[in-house]
Amino acid sequence: MDQNLLFTLALGLVPPWMVDDVTFKVEEKRLDLHVTFPKGSRFSCAACGAECPVHDVQKKTWRHMDFFQHEAYLHARVPRVKCPEHGVHQVPVPWAREGSHFTLLFEALIMTLVRAMPVLTAARLVRETDKRLWRIIDHYVETARARVDMAAVHTVGMDETSSRRGHDYITLFVDLEARQLLFATPGKDASTFTRFATDLEAHGGSAQAITDVSMDLSPPFQKGADAYLPNAQVTFDRFHLMKLVNEAVDAVRRNEALSQPDLKKTRWVWLKNDRNLKAKLQELLQNQNLKTAQAYQYRLTFQDIFTIKNRHQGTTLLKALVGKRQG
Ligand SMILES: [Zn+2]
């Protein structure tokens, strides 16, 4: 088999495309594959599909996946056809998308790498700038997002998280039924809801159709939900509520530790459900007079309320618990 045919097959090219020249320079660590088509070939018009003669050609280069440790490049003269009805059109090439300097296979490799590592690391690995990689990622993410259908979204969870080593915040909106990220936006204020509602509508969803939203107790979020998700019942999520309750238990403990030295250095004993700490916890719970032990019992009751499926029953128990604490 001659080497042009070998590379034609290896690249998966189909007629009229074929490799007609291969140059391999060891000292430059580089393989160059020249792709062409026979004179007189016809290509279909992008608009109507009619087979049309070639009008002119443009020289282009794409980076392909490495050939072992050597960088590989594809070169081709890309034809433009002249359709009697639709005029002059660029012919799409089967190995790359329009406007990209990389082949589809190279882009697929990039998309696989950036799932597993930071973009900058992937860029160094393939010896490209991260800016070029971001351009590829942006393209595929935008394409995928454009196809997202949010018509069935009714239950939304949201939370903020820090980005860039904790300096900036982004807010995430999640479809709780489909367990899927819907939208991410900078900031953690009420305006995040405007942007979410806009994006939701752009994807066939409706802010009016949101019946439930789960969030932390941040006042800006509550304000945003009131203004932009008018039909949504707000639920403060268990994770954030438990965090508050745990902080309260620890506040009681720290205060009481001033007069009860036994409580010193027992923060995790009360917080963690840890086998190794259980014995110590049992020992402390023996002392019925400890306020911390009482606070801990409240926490357990509060935690149990979340396991109750009956809404009315849950409400009654929660009210009873709050009443007990105040009394
Ligand atoms: Zn045409």
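The exercises below concern a predicted model and take up its domains, a sheet and a helix pair.

**Exercise 1.** Into which domains is the protein divided, and what distance separates the centres of domain 1 and domain 3?

Solution. Step 1: the division gives domain 1 (3-95), domain 2 (100-147), domain 3 (155-236) and domain 4 (239-326). Step 2: taken over C-alpha atoms, the centres of domain 1 and domain 3 are 47 Å apart.

**Exercise 2.** Which strands stand at the edges of the open sheet of five strands?

Solution. Step 1: the strand order is E9-E8-E7-E10-E11, and the pairing is mixed. Step 2: strand E9 (180-186) and strand E11 (233-236) each have a single partner strand, so they stand at the edges, with one side left without a neighbour in the sheet. Step 3: E9 pairs with strand E8 (residues 168-175) in the antiparallel sense over six bridges, and Val174 stands opposite Leu181 in E9. Step 4: helix H5 (residues 191-202) packs on the sheet and touches E8 and E9, its direction making about 135° with that of E9.

**Exercise 3.** Are helix H7 and helix H10 roughly parallel or antiparallel?

Solution. Step 1: H7 (residues 238-257) and H10 (residues 291-305) pack at an angle of about 170°, and their axes are 8 Å apart. Step 2: angles over 145 degrees count as roughly antiparallel, so H7 is roughly antiparallel to H10. Step 3: residues of H7 in the contact include Met242, Val245 and Arg253, and those of H10 include Ala295, Tyr296 and Phe302. Step 4: the contact residues divide into eight nonpolar, two polar and four charged.

Notes
Residues are numbered from 1 along each chain as its sequence is written. This is a predicted model: local features need pLDDT of at least 70, side-chain atom pairs count only at pLDDT 80 or more; totals for chains, interfaces and linings use all residues. Domain bounds come from an automatic or database domain assignment. Axes are lines fitted to C-alpha atoms, for helices over the stretch in contact, and angles run from 0 to 180 degrees between N-to-C directions. Helices (H or I, at least four residues) and strands (E, at least two) are DSSP runs, numbered from the N terminus. Angles under 35 degrees count as roughly parallel, over 145 as roughly antiparallel, 65 to 115 as roughly perpendicular and the rest as oblique. Two residues are in contact if their C-beta atoms, placed from the backbone, lie within 7 Å. Ala, Val, Leu, Ile, Met, Phe, Trp, Tyr, Cys and Pro count as nonpolar, Asp, Glu, Lys and Arg as charged, and the others, Gly among them, as polar. Two strands pair if DSSP finds at least two bridges between them.
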